[in-house]
Amino acid sequence: MVQYTNTHLDASFAALSDVTRRGVLEQLGRAEASITDLAAKFDMTLTGMKKHVGVLEHAGLVTTEKIGRVRTCKIGPRRLEEEMAWIEKYRQLWAARFDELDKVVEELKRKEKVDGRKKRK
Amino acid sequence: MGARRESEHTSMKNITTVEKKSERELLVTRTFNAPARIVFEAWTKPELMKRWWVPKSMGMSLLACEMDVRVGGKYRFVFGQGMEFFGRYIEVTPHSRIVWTNEEGGENGSVTTVTLEEKGGKTLLVMSDLYPSKEALDAAGTGAADATHETFTQLDELLVELGASVGRS
C-alpha cells in the first residue's frame with residue numbers, strides 16, 4: 001500500500017543510525033520544538049543541531065518551518081505515513097476478525113431461533 | 001420480518017473503523033446485526049473466540065486458547081512460532097462490557113475495553129486499546145508494523161476472498 005524507494009530507505013537508515021537524531025525524533029514525537037530548544041535539550045551547539053535536523057529533514061522524517069527568527073521542527077510526512085500505515089493495518093486485522101465474527105454470530109442467531117429462546121434468561 | 005432483515009444483512013458487510021482517540025488510545029468500532037447477548041457470547045466462550053480471532057488465512061493457528069472470563073480470571077492465547085498473548089480480566093459485565101489487560105507487552109501493555117450497546121436488535125461494539133503512554137503506543141505500532149508486514153499481505157488476500165464470498169453466502 002505504502003511504497004518506499006530505496007533512496008528513501010537509505011536516507012532513513014542513515015538518519016536513524018545516530019543516537020542524537022533518534023532522540024530528536026522521539027522528542028518531536030511528543031511536541032514540536034525549535035532548533036534552539038533541541039540544541040539546549042541535547043547539550044549541543046546550534047550549528048551541530050542544525051546539521052542533525054538537516055539530515056532528518058532530508059529523509060522526510062522531520063519538517064521545519066521558519067516563523068520570524070525561530071525555526072520550528074516537527075515530525076515529517078514519512079513518519080506520519082508510517083503511523084497511518086500501521087493504523088490501517090490494525091484496522092484491517094480487526095475488520096477481518098469481525099467479518100469472521102459475523103459468521104459465528106449468524107450461526108448463534110440461527111441456533112437461538114431453533115431453540116425457541118426458551119432457555120434464555 | 002426477521003428473515004427479511006437477515007437476508008438484507010448477509011449481502012452487506014458492516015464497516016470497521018479505527019480512530020486514534022488520543023496519543024495513547026485507539027478506538028475500534030463495528031456494528032453487528034445481532035443482539036448484544038450473542039456478540040457477548042462470541043467474545044467469552046473459547047470455542048467461539050477461537051473461530052474468529054485468528055482469521056484463517058493469516059496462516060497461523062491457535063495451539064491453545066484458555067479463557068477464564070470473570071473478574072481476576074486469566075486468559076492465554078498461544079500460537080506456534082513462540083507467539084503468545086495473555087493477561088487478566090479486570091471487569092466482566094454480561095452483555096455490555098469486558099475489560100482486560102494485555103500483559104505480553106510487559107509494563108507497556110495496553111488495557112482493552114470492549115463495550116456493547118444494543119439498539120433495535122443490532123449491537124454497536126466499541127473497543128478501546130489504552131496504552132500507559134504515548135511511547136508505549138508508538139512502540140506497539142513499530143513492533144506490529146515490523147512483525148506483521150508479511151502477515152498482512154496474506155490478510156489482504158483474505159479480505160479479497162471474504163469480500164467475494166460474502167455476496168453469495
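How many residues does the hairpin use to join β1(B) to β2(B)? Two residues make that link. Good morning, everyone; that hairpin is where I'd like to start. Please keep in mind throughout that this is a predicted model.

β1 of chain B covers residues 17-22, and it pairs with β2(B) in the antiparallel sense, with five bridges between them. If you want one pair to find on the screen, take B:E19, whose bridge partner in β2(B) is B:L27.

β2(B) has another neighbour as well. Strand β8 of chain B, residues 122-130, pairs with β2(B), again in the antiparallel sense, over eight bridges. Here a handy pair to look for is B:F32 with its bridge partner in β8(B), B:T123.

Now, the faces of β2(B). In a regular strand, side chains alternate between the two faces of the sheet. In β2(B), which runs over residues 25-32, the covered face carries B:L26, B:V28, B:R30 and B:F32. The uncovered face has B:E25, B:L27, B:T29 and B:T31.

Next, a helix. α2 of chain B takes in residues 36-44, and its buried residues are B:A36, B:I38, B:V39, B:F40 and B:A42. What do they pack against? Within chain B, they pack against β2, α3 (46-53), β7 (111-119) and β8, and from the other chain, α5 of chain A joins in.

Of the 121 residues in chain A, 26% are buried. Taking the contacts in chain A between residues at least 6 apart in sequence, 47% link residues at least 24 apart.

Finally, how do the two chains meet? On the chain A side 25 residues are in contact with 29 residues of chain B. Two helices of chain A, α2 (19-30) and α5 (77-114), each provide at least two residues of that side. Which element gives the most? It is α5(A), with 23 residues. Sorted by class, the side of chain A that touches chain B has 13 nonpolar, ten charged and two polar residues.

That's my tour, and I'm happy to take questions.

Key:
Residues are numbered from 1 along each chain as its sequence is written. Chains are lettered from A and ligands numbered from 1 in the order in which they are written. This is a predicted model: local features need pLDDT of at least 70, side-chain atom pairs count only at pLDDT 80 or more; totals for chains, interfaces and linings use all residues. A residue is buried if 20 or more other C-beta atoms lie within 10 Å of its own, exposed if 12 or fewer, and partly exposed in between; C-beta atoms are placed from the backbone. Helices (H or I, at least four residues) and strands (E, at least two) are DSSP runs, numbered from the N terminus. Two strands pair if DSSP finds at least two bridges between them. Two residues are in contact if their C-beta atoms, placed from the backbone, lie within 7 Å. Ala, Val, Leu, Ile, Met, Phe, Trp, Tyr, Cys and Pro count as nonpolar, Asp, Glu, Lys and Arg as charged, and the others, Gly among them, as polar.
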